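Hi there,

Here is the structure I promised to pass on. Have a look at it first, and then read on for what I found in it.

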Amino acid sequence: MALTICGAYALVCLLSSSIRISVHKDPLTILHHCNELITDKVFGHFPHELQTDSFDCGLACIRMILRYYGCRFTERELAAHSFVSRNGISMRDLSDTATYFGFKTQGARLSVDALQTHLRFPCILHWNQNHYVVCYKICGRAGHRRFYIADPASRNLVYKEDEFLKCWGCDNDSVHMGVALFLIPTEKLDAFKGRKEKAGRVGLRFLLSYFTRYRKGVMMVFITMLVISVLQLVAPLLMQISIDYGVNAHNLHVIQLLLLSQMVIFVSSLVVSMVRSWATLYMNTKISISLISDFLFKLLQMPFRFFDTRHTGDLLQRIRDNDRIQNFLTGSSMETLFSMVNFVVFAVILCFYDPRILLLFFWGNVCYVAWTQYFMRYRTSLDLKRFNSVADEQELLLQIVKGIGDIKLFNCEKQKRWQWERIQAEQFSIRVKNLTVAQVQQLGSVFFNQSTNILISYLACVEVVKGDLSLGMMMSISYIIGQISAPINNLIDFLTSFQFARLSMERLHEIQMQQDETDGKGGEKVTPQSMTIKMQNVDFSYSGAARNYVLQDFTLVIPAHKVTALVGASGVGKTTLLKLILGFYEPVHGKILVDGIDLHDIDCHQWRRMVGCVMQDGYIFSDDFLHNIALGEDRPDEEQVRKAARMANIDEYISSLPMGYLTRIGEDGQGLSQGQKQRLMIARAVYKDPQLLILDEATNSLDANNERDIVAHLETFYRQRTVIIVAHRLSTIRNADQIVVLNEGRVVEQGDHDSLMQAHSYYYRLVQNQLETIK
């Protein structure tokens, strides 16, 4: 009985480090916990999915629950029916997604007692106010409950009640309340049961497509490794002959001849290894460049909505993760492949010497490989945390560098430094856990490896004493054991490196599998004869959901070769309307027609070549003035650049600089005033000589003199062009052919300046408010 209790206590001690339950001193409680843990792990295991990004926790929770019911979907398939923003996904959007896949959902704010009472199916909990987890089981009575949680950011965990309450909800009038989303399966879910994922996890096949591009390099590496393998096969035979026929026979001539042969083999192997290293470097560099080039190509083809749901740090970290793929290619893939060939050949030779030694070697190394692979899932979880933490660090550093002015202005240097230090502390904790796992893994690896070698040495010595093996054969066996141990070590390194490289490949591949902005479009190569734009019953929301519309039932005609001004208070949808016309977003409902052709069916690149635009958040690149104005052209027309600069009233300033138009500008226009930036972007739009010109608050940072001159220049430029202006200043819009007043996402007034002033409605009040402000 005592032995049983001690064994149970040891088991609970081992499991408690991974599933976070305390070890009680009461032996009966220990046995009860042990029994529940074994039952849960063996008979009631809940499927687990790791989130790939910090904001994908909600979809990962739905994916786990679908797997629980026997339905398998990829993240991409779930994302196609959800509305994820840069800040993640709301509980309501989670409910809509779950409903689509066959669940009846019910969101509730409830107490812990009510949660236990109503928990009949796995439910989603709002966790730490910024995360989602799945609760799939609750055991015990009040005060001593245990909560079984599937956390997409780590693994399946068990929480004590006090730990659970710290993460779920908050106290409300002496009652702890939290938010839960209950998912009840319906008959609709049966249609998805037994379904397999359309796309499996990224593996070696993904890299194989890149290897086939560089067959010559692969063939060179193959030939050099084959030569090295043949040379290595000769070594144990030479060792056996030198001992049995040289040392034992006291034949110095044979020893010298064999030593000379070994020297020739060594030099030959060294030369071939050098050739292999150069061939491997060439091939791996080409593959690495191709991986990143394909990623960047795909990234630049992604629709505007994609960047609304991704942080800059996340995208940068995906690119930096390419180093892992490169290290995997350079140090593991090809070398492991050919070392396994050596393993097979040397194993056959060892079997010829003594099959028992080979079986003992296999048994020891199977335990060795199994031990190391046991820890891989936990290391994968830690690597995901590392990726998210490093991405957060990248995002924070970018914000600090770009927002240094405001940081100094509001004296928040200390807070930003503390924020960075908290991330560093989190990364340190991850590194400590990684080191702990690595040390435990190494401890077992050394034990199995050394125990196997000791037993093999003992068995070989016994065989020599009995006379079944010669001394030369024993030395050859020792050499062969060393040679086939190396491939095992290479295999372990390969599996570990591949595990991490696969995570990086999945992050790159996730982008590759996304639809770009031309997928699913007609892409007709059309050039509209006139630029009449009609918006018919357009509904639009940034999330893509059919609610919280920025524009609702929006209908408007923008006539060709006329100037249309959009006015209204901030936030009524003016800039959103321009982004829809530019094709950055698709309407949720309704159509946008250009000369009767649906904008969805027009090739987006062809369309944007016809459009010149100045947006509020326009970007100035770290390049010279010439190429910033003639953006996208390898050989700009300098005369046209100067003409555009004169129209934007910035030619005089640029010409006064020592390097003129070849003067480089800092990142995002560093060193230029806001007015100079706006004039530069106006020149950029004019240089395109567009059929459609869009100006979004293009002169709001200009002084009165510059604005007057530029408006006068542009009025000449407007002729025979369709122009859309968003502005608040009366001087910019009063001469427009059509003024459209927006309010709450709808058109409330339309006409020219005089007619709208006479109507004494929205526009009249806007003008009067502006005049009062001037006074």
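Let me begin with a charged pair: the side chains of Arg67 and Glu49 form a salt bridge, with 2.7 Å from N to O. Please keep in mind that this is a predicted model. In general, side chains of opposite charge can pair when their charged atoms come close. Arg67 sits in helix α3 (residues 57-68), while Glu49 belongs to the loop between α2 (27-42) and α3, so this pair ties together parts that are 18 residues apart in sequence. The count of salt bridges comes to eight.

On the α10 side, the contact uses Ile292, Phe295, Leu296 and Leu299, and α12 brings in Leu315, Arg318 and Ile319. By class, six of these contact residues are nonpolar, none is polar and one is charged.

The other pair is helix α24 (residues 674-687) with helix α25 (residues 704-717), where the axes come within 13 Å and cross at roughly 5 degrees. That makes α24 roughly parallel to α25. Here Arg679, Ile682 and Val686 of α24 meet Asn706, Ile710, Leu714 and Phe717 of α25. This contact has five nonpolar residues, one polar and one charged.

Finally, which residues make the nonpolar surface patch of about 750 Å²? They are Met220, Met263, Phe266, Val267, Leu270, Val271, Met274 and Val275. Helix α10 turns up again here, as it gives the largest share of the patch, seven residues. Phe266 is found in α10.

Best wishes

Definitions and conventions. Residues are numbered from 1 along each chain as its sequence is written. This is a predicted model: local features need pLDDT of at least 70, side-chain atom pairs count only at pLDDT 80 or more; totals for chains, interfaces and linings use all residues. Side-chain values use heavy atoms; hydrogens and water are left out. Contact means heavy atoms within 4.5 Å. Helices (H or I, at least four residues) and strands (E, at least two) are DSSP runs, numbered from the N terminus. Ala, Val, Leu, Ile, Met, Phe, Trp, Tyr, Cys and Pro count as nonpolar, Asp, Glu, Lys and Arg as charged, and the others, Gly among them, as polar. Patches are made of residues with over 30% relative accessible area and no salt bridge: like charges are joined within 9 Å, nonpolar side chains (Val, Leu, Ile, Met, Phe, Trp, Tyr) within 5 Å. Accessible areas come from the Shrake-Rupley method with a 1.4 Å probe; for residues, only the protein chains shown count as cover. A salt bridge is a side-chain nitrogen of Lys or Arg within 4 Å of a carboxyl oxygen of Asp or Glu. Axes are lines fitted to C-alpha atoms, for helices over the stretch in contact, and angles run from 0 to 180 degrees between N-to-C directions. Angles under 35 degrees count as roughly parallel, over 145 as roughly antiparallel, 65 to 115 as roughly perpendicular and the rest as oblique.
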